[in-house]
Amino acid sequence: MSTSVIFFLVLYYVVVLGIGYWAMRLGAGEDLEGYLLGGRKVGPMTTALTLQSTSMSGYMFLGAGALGFTQGYWAMWFAAGDIGGGVLNLSVIGRRMRKLSRMFGALTSIEYLEKRYPSPAIRFFAGVLTVFLLGFYVLAQLIAGGKGMALVTGIPYPFALAIAAGIILIYTFMGGYLAVAYTDFFQSIVMLVGVMWVVVAALSELGGLTAANNALNDLDPTLLSVWGKDLGFQGQWGVVAGALLIFSAGYMGWPHVVTRHMAMSRPATARKAGMWATAWNLLFVPAPYLVGIMAVLILPGLDDPEMAIFQVAGKLLPPAVTGLVMAAIMAAVMSTADSLLLQTGSIASRDLYERFINPHASERQMVTVSRGLVLAIAAIGYVVALYEPPTVFSIVIFATSVLGSAFLPAYVCAVWWKKANTPGALVSMVSGASVAFAWQYLDYVETTQIAPMLAGVVGSTVTMIVVSLATQKIAPVPSCIKEVMDQAAVVGPIPKRLLFAADDGLSPEAAAIDAAGNRRQSR
Amino acid sequence: MTDREQLVVIHGSFNATDALCVAASLTGDIKAKVESEIIYPYYCFDARCSVPILTGRQQVTLVCLVDAVNGLGATADSFELKKESVLVEHVLATGVAELTAVDIAHRTVTHHLGSKLRTIAEFNVTMQPRGFIYKGFWVVRTSDARLLVDSTTAGWHPLKLMAA
């Protein structure tokens with residue numbers, strides 16, 4: 001890679017730092033409290049793109065490209081699920097979870113589970129599983145960052161990996177002025193522009209989409225099929241369903257994603273943000289898969305499919321734009337990695353350490369636990385990424401399949417099914433995680449033609465229903481939880497379109513006033 | 001019962017007529033009536049924090065309110081306070097001890113700062129209790145709905161009809 005690419009990559013970081021500094025100066029002094037409290041100047045578009053930049057990880061630039069390169073248009077099943085995943089998540093559990101979490105007074109998504117399904121076992125199992133799997137997810141970001149850095153700078157992979165890990169850690173520990181909404185917004189624009197530029201360059205090189213598809217047809221017609229290379233997945237609807245599920249319904253089972261509902265602004269803002277996010281997804285999500293497919297023609301002798309997007313950019317784009325693409329990749333890696341590390345640290349300190357080990361932990365002890373865990377994850381991740389690096393695709397699919405399988409019914413039933421009880425939720429989480437894990441570890445996909453995600457979700461859903469119904473007498477859902485769920489549901493004959501304007505922040509007060517009214521009435 | 005007491009209340013910009021307008025605009029019922037006024041108690045704290053910024057650290061003070069009925073904490077935008085004489089029967093009974101409220105406030109502020117600034121840092125939060133403060137709400141009944149209307153923001157929330 002030329003020094004020009006490195007120059008533009010460094011320039012990108014300078015701009016990110018500058019935006020962060022500018023944003024914090026805007027919010028400095030007397031307005032800093034205002035920024036910390038409300039962030040009232042952040043509108044739906046900025047909110048949406050901030051979320052998208054943290055949602056889209058290094059997977060999109062390495063895993064998605066590799067999948068397109070190796071399987072052709074079959075990869076678009078994953079893209080199709082991903083495009084609608086955010087809106088599906090918001091529609092199914094978003095508003096109710098926001099209300100319920102406020103009424104329960106839960107700060108983390110794991111604490112929320114314990115309050116809805118009252119048992120320390122729920123919090124312990126969910127906390128440990130989430131920390132473990134998010135650690136894997138961080139590993140994928142480290143590998144993505146290391147590979148990208150090695151290609152850009154030309155320095156050996158071990159050093160590039162160390163630099164990438166160092167940048168991610170600094171980014172996580174510094175936070176604040178680097179990770180403000182405006183830097184995320186800028187990064188999401190860079191990601192979109194960067195990947196779209198590669199798409200346009202690739203299609204121009206190949207004479208347009210039709211010409212590219214014709215060339216693919218001449219090379220290997222099965223790459224144009226929705227059944228994968230050599231029709232390897234023909235008729236395997238169980239695998240297709242898994243590909244669709246993983247980034248659509250699967251989102252509803254990811255504790256680090258559903259936690260955003262708890263911090264969501266007013267539903268009306270969230271609705272507009274959802275529209276912006278969908279528009280961004282429509283443009284961004286299919287692009288890396290498409291570039292991977294085009295790379296089959298542009299780089300026929302490519303050794304490492306995960307480098308497809310990097311290499312296509314390097315071959316077709318001028319150095320300045322290649323620098324932008326590299327910046328986009330690093331933006332995706334950093335914004336996701338810091339988010340994952342913060343979530344992991346928060347769950348480890350609050351949901352495990354404070355809850356089970358030291359209930360009177362001081363602020364300093366909590367920070368030490370969080371930082372210690374983040375450093376440990378980075379160190380272990382570095383060693384694994386160095387000596388036996390799995391593919392980014394395989395790590396992300398493993399972690400997200402197990403997470404989604406374990407938690408999807410627990411989060412969905414928490415808001416929609418009043419009979420979902422503690423034994424049902426616990427057995428559902430354990431069975432979902434076990435089935436998805438075993439399915440991947442024992443490679444049952446080959447023999448059953450069913451994706452781990454589908455098998456896991458079926459397992460966790462069935463056990464949630466069966467165990468909850470079977471244990472209603474010995475472990476009924478407490479009436480106080482049922483009341484809170486009633487409150488979270490639509491109350492009164494207010495038109496649905498107007499309910500989105502209701503102030504959910506008043507739900508706890510409304511519940512208390514209703515309860516006081518009931519007490520007065522009964523007297 | 002007509003006992004009154006002087007309480008520190010958040011200055012509300014919206015009166016009973018405004019609450020009726022909110023209800024009428026939502027439901028189309030121009031015969032909506034104010035069913036009652038509720039004076040809702042909160043513990044108020046000034047949370048002094050040390051926040052990392054580009055050039056070091058900056059001291060900031062955030063206001064944290066803890067719902068004295070449910071024990072739920074939240075950071076709050078700035079507000080004006082005034083002393084007001086209110087009917088005792090309108091004041092909702094508290095159900096949370098002050099020490100518990102301090103813990104809740106501390107937990108709320110540290111969690112809020114960490115997630116807002118997206119960083120793992122110590123904020124050295126110290127709590128300065130300001131005692132109880134109260135906020136007014138209007139309960140408005142229309143022909144087929146009951147609404148809770150916030151006197152400071154005019155935000156609203158449906159209430160259960162059966163509690164009428």
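Reader: Happy to start with chain A: how many helices and strands are there in chain A?

Author: Chain A has 24 helices and zero strands. Please keep in mind that this is a predicted model. Of the 523 residues in chain A, 57% count as buried. Sequence separation is worth a look too: for contacts in chain A between residues at least 6 apart in sequence, 83% join residues at least 24 apart.

Reader: And what is the secondary structure of chain B?

Author: Chain B comes to two helices and eight strands. Their order along the sequence is β-α-β-β-β-β-α-β-β-β. The C-alpha atoms of chain B fill a box of roughly 60 × 35 × 25 Å along the principal axes. Of its 164 residues, 43% count as buried. For contacts in chain B with a separation of 6 or more, 69% come from residues 24 or more positions apart.

Reader: Let us turn to the helices. What describes two packed helices?

Author: Two packed helices are described by the angle between their axes and the distance between the axes. Take helix α8 (residues 157-174) of chain A and helix α16 (residues 319-357) of chain A: they pack at an angle of about 60 degrees, with their axes 9 Å apart. That angle is why α8(A) is called oblique to α16(A). The crossing of α8(A) and α16(A) is right-handed.

Reader: Which residues in α8(A) and α16(A) meet?

Author: From α8(A) come A:Ile167, A:Ile168, A:Tyr171 and A:Thr172, and they meet A:Met334, A:Ala337, A:Asp338, A:Leu341 and A:Leu342 in α16(A). Sorted by type, the residues of this contact of α8(A) with α16(A) are seven nonpolar, one polar and one charged.

Reader: Now a second pair, please. At what angle do α6 and α12 of chain A cross?

Author: Helix α6 (residues 109-116) of chain A and helix α12 (residues 255-262) of chain A cross at roughly 80 degrees, and their axes come within 9 Å. Therefore α6(A) is roughly perpendicular to α12(A). On the α6(A) side, A:Ser109, A:Ile110 and A:Tyr112 meet A:Pro255, A:Val258, A:Thr259 and A:Met262 in α12(A). The contact of α6(A) with α12(A) has five nonpolar, two polar and no charged residues.

Reader: And how do I read α11 and α21 of chain A: what is the angle there?

Author: The axes of helix α11 (residues 237-246) of chain A and helix α21 (residues 452-470) of chain A cross at roughly 80 degrees and come within 7 Å. So α11(A) and α21(A) are roughly perpendicular to each other. Here α11(A) contributes A:Gly238, A:Ala241, A:Gly242, A:Leu245 and A:Ile246, while α21(A) contributes A:Pro452, A:Met453, A:Leu454 and A:Val457. By type, the contact of α11(A) with α21(A) divides into seven nonpolar, two polar and no charged residues.

Reader: Let me zoom in on A:Ala328: what is A:Ala328 in contact with?

Author: Setting aside its neighbours within four places in sequence, A:Ala328 is in contact with A:Val190, A:Met191, A:Gly194 and A:Val195.

Key
Residues are numbered from 1 along each chain as its sequence is written. Chains are lettered from A and ligands numbered from 1 in the order in which they are written. This is a predicted model: local features need pLDDT of at least 70, side-chain atom pairs count only at pLDDT 80 or more; totals for chains, interfaces and linings use all residues. Axes are lines fitted to C-alpha atoms, for helices over the stretch in contact, and angles run from 0 to 180 degrees between N-to-C directions. Helices (H or I, at least four residues) and strands (E, at least two) are DSSP runs, numbered from the N terminus. Angles under 35 degrees count as roughly parallel, over 145 as roughly antiparallel, 65 to 115 as roughly perpendicular and the rest as oblique. A crossing is left-handed if the near helix is turned anticlockwise from the far one by less than a right angle, and right-handed if clockwise. Two residues are in contact if their C-beta atoms, placed from the backbone, lie within 7 Å. Ala, Val, Leu, Ile, Met, Phe, Trp, Tyr, Cys and Pro count as nonpolar, Asp, Glu, Lys and Arg as charged, and the others, Gly among them, as polar. A residue is buried if 20 or more other C-beta atoms lie within 10 Å of its own, exposed if 12 or fewer, and partly exposed in between; C-beta atoms are placed from the backbone.
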